[in-house]
Amino acid sequence: MVNAADSQPPPPPGAGLVDDGSEFDLFREDIVVSSSNPDLLGIVESVGGQSDSEEEVEESLERGLAKVSWYKQEDNPTTEQVSSLTVVDRIFLYHDVVARRSDPLGQSGYVSDVSILCDCKSVKTGHVTRMVSSRTLTPVQPIKLGTYVVKGMWLGKVQDCYDNVTVRLSDGSVCEFLDAEIQNVCPDGYDPDQHEDDAFGECPYYPGVLVSFSQATLKQADWLKGNRSANVSLGPSRREGRVIAVEPGSASVKWLAAGGGAGLDTERPEEYVAD
């Protein structure tokens, strides 16, 4: 969560003023939640009376209203009262010109450094740890559905992807499932009907989660430590282990365009990318 209490973009020329003093509370591209549904995130598309230039004042909205596109919701954007929205993240880039919230028309400056603080919610317990520096965090899945990637001079978008999941069994043996699939290596508590569109569904594998799998699936795993023959030939038909590492596996990528400097004869990469 970006703490924007004392620093935010100065009002653009022609920005409308709201009599309740909230004229500088909301800007385009702010990430917000609604008071009626604090778990749903949205991005602000426009704010009534505001603009990026004097010629482009948003006249379709009354002052005090904003258009918001909500995450994975239909019928976007919707029109919301500015007073019903809470900003949870605001984009600041190096050299953005900003002003203090307490004096938005006063002294301005430019961004020379950005520190992002996050509220982290456990996908299993729901416990929220607040004000965690983003510098101490790293994505569990650096490549996932919808991620933009580059290979050489080509820009592409991930259409499908799989993880390589390393699991420790109860006897201490360690094995790796390449390009793991939910139906074969199933995380504990995962329900495709319930979790398909939430954080658990987008990132089902993470260090510490318990997974179950059949003996047939275990036979296909790469063995990193322990007695493979004893584990795949003995014991119950359904086994369990705990994930200790997750790495990107194979991905299907739609290559969109070649970057600047690439010649016309630059060969498009293969759509299916392994590791």
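S34 counts as buried because its relative accessibility is 8%, where buried means under 20% relative accessible area, exposed over 50%, and partly exposed in between (1.4 Å probe, protein chains only). The model is predicted: local features need pLDDT of at least 70, side-chain atom pairs count only at pLDDT 80 or more, and totals for chains, interfaces and linings use all residues. Residues are numbered from 1 along each chain as its sequence is written, and side-chain values use heavy atoms, with hydrogens and water left out.

**Around S34**

S34 sits in strand β1. Its side chain makes a polar contact of 2.9 Å with the side chain of S36. A polar contact is a pair of N or O atoms within 3.5 Å; within protein, one must be able to donate a hydrogen and the other to accept it, and residues adjacent in sequence count only if both atoms are side-chain atoms. Beyond its neighbours within four places in sequence, S34 contacts (heavy atoms within 4.5 Å) L40, W70, S84 and L85.

**The sheet**

The protein has four helices and 17 strands. These are DSSP runs numbered from the N terminus: helices are H or I with at least four residues, strands E with at least two. Five strands form an open sheet in the order β4-β3-β2-β1-β5, paired antiparallel. Strands pair if DSSP finds at least two bridges between them. β4 and β5 are the edge strands, each pairing on one side only. Strand β1 joins β2 through four bridges, and the two run antiparallel. V32 has G42 in β2 as its bridge partner.

| Strand | Residues |
|---|---|
| β1 | 31–34 |
| β2 | 37–47 |
| β4 | 78–81 |
| β5 | 85–89 |

**The cores**

A nonpolar core is a set of buried Ala, Val, Leu, Ile, Met, Phe, Trp, Tyr and Cys residues joined through side-chain atoms within 4.5 Å. The largest has 18 residues, and V167, F177, V211 and F213 have the most contacts inside it. Strands β11, β12, β14 and β16 each supply at least two of its residues. A second, separate core of ten residues includes V47, A66, V68 and W70. W70 is also one of the contacts of S34.

**Whole chain**

Of 275 residues, 35% count as buried. Among contacts between residues at least 6 apart in sequence, 55% join residues at least 24 apart.
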